[in-house]
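Please keep the sequence and the structure in view while reading.

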Amino acid sequence: MRVGKKLAPPATPGVPGHRRMIAHSPASIALTPGATLPPLLALRAVPPPPPQARSAIVWGDANVARVAVRTAAEAVSHGVAVAVIDAAMAFEVTAIAAYAQARRVPPEPFLRHIYIARAFTCYQVATLLCERLDPLLASQQVGLVILLGPCTTFFDENVPFKDAFLLFQRVLGKLEALCAHGPLLLMVQGLDGYRTRRTLFVRQLVKAVELGIRVSTVAGRRHVQLVKPRGPG
């Protein structure tokens with residue numbers, strides 16, 4: 001999908017009559033004042049994250065993308081409209097539809113609360129986040145922004161490191177502004193197979209948010225670690 005003027009959900013296989021939704025649906029729902037991210041986060045860290053957090057990054061193995069999908073579904077089930085920027089090509093809309101059907105909710109009305117756009121390059125990520133997101137937030141009562149694979153396209157070695165670094169600083173500035181004044185923010189980053197100094201971008205994102213959670217699989221068992229804030233000891 002090319003970078004478009006508005007974020008919109010893609011067509012959903014198996015959902016009859018599903019249409020691309022423009023950013024002016026009257027059905028969007030906002031968060032109540034004082035709402036926080038942990039009750040919506042479809043991942044249980046040990047120890048549990050502080051309840052007041054409004055921003056988080058979850059990173060780890062390839063399966064971590066499921067956290068983004070499940071959190072989006074959980075948010076919509078609580079009446080919260082969600083905007084998704086997918087830079088990892090990992091957001092499964094069919095999983096959202098299955099979530100709705102499992103709860104005996106028609107998928108199409110459920111999906112109307114999710115605005116999604118995909119980015120294939122770091123330049124498109126910057127455009128969507130820094131130029132296209134604000135008009136959506138101004139016209140719709142979006143309560144949660146999910147950025148899936150915020151660093152994936154910046155790992156592309158075909159983009160000179162200097163260019164990627166400077167562009168990422170622009171993205172980072174926008175994310176910091178969202179953390180301070182925007183809706184709830186969740187970033188989810190898979191790191192399997194990446195051996196590059198550009199993983200420093202992930203460390204910068206961890207510094208920008210209130211919660212940092214690492215997910216790993218060792219000997220077939222899933223481990224969840226709360227990295228930020230660190231617990232006592």
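Predicted model: local features only at pLDDT ≥ 70, side-chain atom pairs only at ≥ 80, totals over all residues.

If its neighbours within four places in sequence are left aside, the residues in contact with D61 are G190, D192, V215, S216 and T217.

## The chain as a whole

The secondary structure of the protein chain consists of six helices and seven strands, and these elements follow one another along the sequence in the pattern β-α-β-α-α-β-α-β-α-β-α-β-β. Of the 233 residues in the protein chain, 52% are buried, while the chain exposes about 11,200 Å², of which carbon and sulfur atoms supply 55%.

The contacts can also be sorted by how far apart the two residues are in the sequence. Among contacts between residues at least 6 apart in sequence, 78% join residues at least 24 apart.

Strand 2 (residues 81–86) is largely enclosed by the rest of the structure, because six of its six residues are buried. In a regular strand the side chains alternate between the two faces of the sheet. In strand 2, A81, A83 and I85 point one way, whereas V82, V84 and D86 point the other way, and all of them are buried.

Which strands pair with strand 2? Strand 2 runs parallel to strand 4 (residues 142–148), and six bridges join the two, while strand 2 and strand 3 (residues 114–118) also pair in the parallel sense, over five bridges.

## Charged pairs

How many salt bridges does the model contain? The count comes to five salt bridges, and three of them are described here, beginning with the pair formed by the side chains of D86 and R118, which meet at 3.4 Å, N to O. This pair links distant parts of the chain, with D86 in strand 2 and R118 in strand 3, 32 residues apart. D86 counts as buried because its relative accessibility is 0%, and R118 is buried as well, with a relative accessible area of 17%.

A second salt bridge joins the side chains of R112 and E108 at 3.5 Å, N to O, and R112, at 31% relative accessibility, counts as partly exposed. In a third, E131 forms a salt bridge with R170, with the closest N and O atoms 3.1 Å apart. That pair again links distant parts of the chain, as E131 lies in helix 4 (residues 122–139) and R170 in helix 5 (residues 161–181), 39 residues apart. E131 is partly exposed, with a relative accessible area of 41%, and R170 also counts as partly exposed, at 39% relative accessibility.

Terms used. Residues numbered from 1 in each chain as written. Heavy atoms only, no water. Contact = heavy atoms within 4.5 Å. Buried < 20%, exposed > 50% of the residue type's maximum accessible area, 1.4 Å probe, protein only. Helix = DSSP H or I, 4+ residues; strand = E, 2+ residues; numbered from the N terminus. Pairing = 2+ DSSP bridges. Areas by Shrake-Rupley, 256 points an atom, 1.4 Å probe, with all protein chains shown as cover. Salt bridge = Lys/Arg side-chain N within 4 Å of Asp/Glu carboxyl O.
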